[in-house]
Amino acid sequence: MSTSLSPSASASGRPPIADAGPQSLCAREPRVPAERLVAEMVPPPRFDAVRFDTYDPDPGEPSQSEAVTVLSGFAAGLGGAHASGSGKKRWFSRAPKAAPAGPRGVYLDGGYGVGKTHLLASLWHATPAEPALKAFGTFVELTNLVGALGFQQTVQTLGGHRLLCIDEFELDDPGDTVLVSSLLSRLVEQGVALAATSNTLPGKLGEGRFAAADFLREIQGLSAHFRPLRIDGQDYRHRGLPEAPAPFSDEQVAKAAYATEGASLDDFPGLLEHLARVHPSRYGALTDGISAVCLTDVGPVPDQSTALRLVVLADRLYDREVPVVAAGAPFDRLFSDEMLNGGYRKKYFRAISRLTALARDAKPLVSQ
């Protein structure tokens, strides 16, 4: 592919050429300080303005309306001072260890595209507490916070919170199972309410990915913290919408990159190699200031480790509403049949769904 286009390549009737050429994600190696990790534990830009009353439940799926009712009541019950805090009143009249038996959290289970993240962010917004007393992050971001701060400091940082929301809760290895089980147990002891989303029931976490039976006690301990709330339905991102645009040519993608202020331009194989050198917790920072991601030579990912990194990047791009202009294979051919039938299949289908939506968003950027 040639990227030798210049401002002079723009002809009458085409989009104006950006003052500077496109950036390259492969040239970025972001460093994220621990204080930024904590400060950014809020709903991402796509979900900054969502609320329960902006959720559009499918009339044919009563579980969606029920979820709004249950979560609204859950949020209302989180008023008052923190159980271990020094406010005028406490949730409980005794020490945190005397909290009522039963789950201290809700767990939103359902397929991709039913609005779980919308509902989780709405819960965060509806909870009557200052933003500093509420935390929202993906599972990857939570485990990275522990890596940056250390276990004890993470407990101290989050232990005074009213609510911890964890999006995309999926265990990929035994180490995460033990770590998160211990962390959430400590936070629940301190009175922190929990809410999580996943495509897997809490009792089935890790199934098909590692020897989950060997860590059954930890998985059961995690499950005990949550009340599962099933949300059924079809992918809202494609409900009633036209098909995603077919992949563009390399020339079209390059022209779109040069014509769009703040766009990036990379070849897909090179980007996949670069993702292996950047920790997934930094993929959000990798896209800072990027208005559109333009990719050439898109094709099937070569292995599962690469595929899982791509899933994280797709999630961060979707959260930040960054459109994707692509040339090569369509997004529904990124993952092999073996991957789509394996233990991570729900992650891959979510990535396809989100990248397809971002490709649809990017169509106006391309000069036909």
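Guide: At 31% relative accessibility, Asp 288 counts as partly exposed, a label for values between buried, which is under 20% relative accessible area, and exposed, which is over 50%, with a 1.4 Å probe and protein chains only. Before going further, please keep in mind that this is a predicted model, in which local features need pLDDT of at least 70 and side-chain atom pairs count only at pLDDT 80 or more, while totals for chains, interfaces and linings use all residues. Residues are numbered from 1 along each chain as its sequence is written, and side-chain values use heavy atoms, with hydrogens and water left out.

The partner of Asp 288 is Arg 36, and their side chains meet in a salt bridge of 2.9 Å, N to O; the term stands for a side-chain nitrogen of Lys or Arg within 4 Å of a carboxyl oxygen of Asp or Glu. Because Arg 36 lies in helix α1 (residues 34-39) and Asp 288 in the loop between α10 (283-286) and β7 (292-298), the pair ties together parts that are 252 residues apart in sequence. Helices (H or I, at least four residues) and strands (E, at least two) are DSSP runs, numbered from the N terminus. Arg 36 is also partly exposed, its relative accessible area being 22%.

A search of the whole structure finds ten salt bridges, and another of them joins Asp 109 to Arg 230, with the closest N and O atoms 2.6 Å apart. Since Asp 109 belongs to strand β1 (residues 105-110) and Arg 230 to strand β5 (residues 226-231), this pair ties together parts that are 121 residues apart in sequence. Asp 109 counts as buried at 3% relative accessibility, whereas Arg 230 is partly exposed at 43%.

A further salt bridge brings together the side chains of Glu 168 and Arg 316, at 3.6 Å from N to O. This pair links distant parts of the chain, for Glu 168 sits in the loop between β3 (163-167) and α6 (174-189) and Arg 316 in helix α11, 148 residues apart. Both Glu 168 and Arg 316 are buried. Salt bridges that share partners join Glu 168, Asp 315, Arg 316, Asp 319, Arg 350 and Arg 354 into one network.

The crossing of α11 and α13 is left-handed, a word used if the near helix is turned anticlockwise from the far one by less than a right angle, with right-handed used if it is turned clockwise.

On the α11 side, the residues making this contact include Asp 315 and Asp 319, together with Leu 308, Val 311 and Tyr 318, while those of α13 include Arg 350, Arg 354, Tyr 348 and Leu 358; contact means heavy atoms within 4.5 Å. By class, eleven residues of the contact of α11 with α13 are nonpolar, one is polar and five are charged. In this scheme Ala, Val, Leu, Ile, Met, Phe, Trp, Tyr, Cys and Pro count as nonpolar, Asp, Glu, Lys and Arg as charged, and the others, Gly among them, as polar.

Helix α11 has another neighbour to consider. The axes of helix α9 (residues 268-275) and α11 come within 10 Å and cross at roughly 95 degrees, and α9 and α11 are therefore roughly perpendicular to each other. Here Phe 268, Leu 271, Leu 272 and Leu 275 of α9 make the contact with Thr 306, Arg 309, Leu 310 and Leu 313 of α11. The residues of this contact of α9 with α11 divide into six nonpolar, one polar and one charged.

As for the setting of these pairs, the protein has 13 helices and eight strands, and 50% of its 368 residues count as buried.

Key. Axes are lines fitted to C-alpha atoms, for helices over the stretch in contact, and angles run from 0 to 180 degrees between N-to-C directions. Angles under 35 degrees count as roughly parallel, over 145 as roughly antiparallel, 65 to 115 as roughly perpendicular and the rest as oblique.
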